[in-house]
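I opened a new notebook page for this structure.

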Amino acid sequence: MSVERVLWEHDATGLASLVRKGEIAPQELVDAAIARAEATRPDINAIAEPLYEAARTRAKTIDRKLPLAGVPFALKDLGIAMKGVPTHGGSRIPASLPISIR
């Protein structure tokens, strides 16, 4: 079964279980999620600030025993900000860096 199929046929807890058991690597899940995001980007453009390299780096060092370890996710920038990542607030206006996030 392909990684892409595994990604879309399991929920977050199922994916985490596969990662914890060593049946799939977090890097494989991240790469599959990135491939899908990029494949749909021309149509829906859902990712304002791609953090692909940060996700790939994190996937290499994730502690597989943590809950949901290795499960890729997207952070919607409507009311949620991440330190050092520009926010768009769901708008086409130029991004701005959050003033203070702790």
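Predicted model: local features only at pLDDT ≥ 70, side-chain atom pairs only at ≥ 80, totals over all residues.

Entry 1: I call a residue exposed when its relative accessible area is over 50%, buried when it is under 20%, and partly exposed in between.

**Entry 2: the overall fold.** I looked up the secondary structure next. The chain has 4 helices and 0 strands. Along the sequence I read the pattern α-α-α-α. I then checked the extent of the chain. Its C-alpha atoms fill a box of roughly 40 × 35 × 20 Å along the principal axes. I also looked up how much of the chain is buried. The chain has 102 residues, and 25% of them are buried.

**Entry 3: a buried proline.** I picked Pro 26, which I found in helix 3. Is Pro 26 buried or exposed? I read a relative accessibility of 1%, so Pro 26 counts as buried. I then took a distance from this residue. Thr 40 lies 14 residues from Pro 26 along the chain, and their C-alpha atoms are 21 Å apart.

**Entry 4: salt bridges.** How many salt bridges does the count give? I got 5. I went through several of them.

I began with Arg 5 and Glu 9. Their side chains meet in a salt bridge, at 2.7 Å from N to O. Why can these two pair up along the helix? Arg 5 and Glu 9 are 4 residues apart in helix 1, so about one helical turn separates them. Arg 5 is partly exposed at 48%. Glu 9 is partly exposed as well, at 45%.

Next I looked up Lys 21. It forms a salt bridge with Glu 23, with the closest N and O atoms 3.8 Å apart. The cut-off for a salt bridge is 4 Å, so this pair counts. Lys 21 is exposed at 55% relative accessibility. Glu 23 is exposed too, at 53%.

Then I came back to Glu 53. It forms a salt bridge with Arg 56, and their closest N and O atoms are 2.7 Å apart. Salt bridges link Asp 31, Glu 53 and Arg 56.

**Entry 5: the largest pocket.** I turned to the pockets. The largest pocket has a volume of about 1400 Å³. I counted 47 residues in its lining, and the closest to its centre are Ile 47, Leu 51, Phe 73, Ala 74 and Leu 75. Which elements give two or more residues to this lining? I found helix 1 (3-9), helix 3 (26-44) and helix 4. Helix 3 gives the largest share of the lining, with 9 residues. I sorted the lining by class as well. It has 33 nonpolar, 7 polar and 7 charged residues.

**Entry 6: a nonpolar surface patch.** I looked for nonpolar side chains on the surface. Leu 51, Phe 73, Leu 75, Ile 80 and Met 82 form a nonpolar patch there. Together they have about 500 Å² of accessible area. Leu 51, Phe 73 and Leu 75 are names I had already written down for the pocket, among the residues closest to its centre. I followed up on Met 82. It is found in the segment after helix 4 (52-61). Met 82 has a relative accessible area of 41%, so it is partly exposed. A patch residue needs over 30%, so Met 82 passes that cut-off.

Entry 7: Most residues other than glycine have a negative phi. Leu 68 sits in the segment after helix 4. At 45% relative accessibility, I listed Leu 68 as partly exposed.

Methods: Residues numbered from 1 in each chain as written. Heavy atoms only, no water. Patch = residues over 30% accessible without salt bridge, like charges linked within 9 Å, V, L, I, M, F, W, Y side chains within 5 Å. Areas by Shrake-Rupley, 256 points an atom, 1.4 Å probe, with all protein chains shown as cover. Buried < 20%, exposed > 50% of the residue type's maximum accessible area, 1.4 Å probe, protein only. 1 Å grid on protein atoms, 1.4 Å probe; cavity = no way out; pocket = protein on both sides within 12 Å on 5 of 7 lines; lining within 4 Å. Points joined across faces, edges and corners; volume = space filled by probe spheres on them. Nonpolar A, V, L, I, M, F, W, Y, C, P; charged D, E, K, R; others polar.
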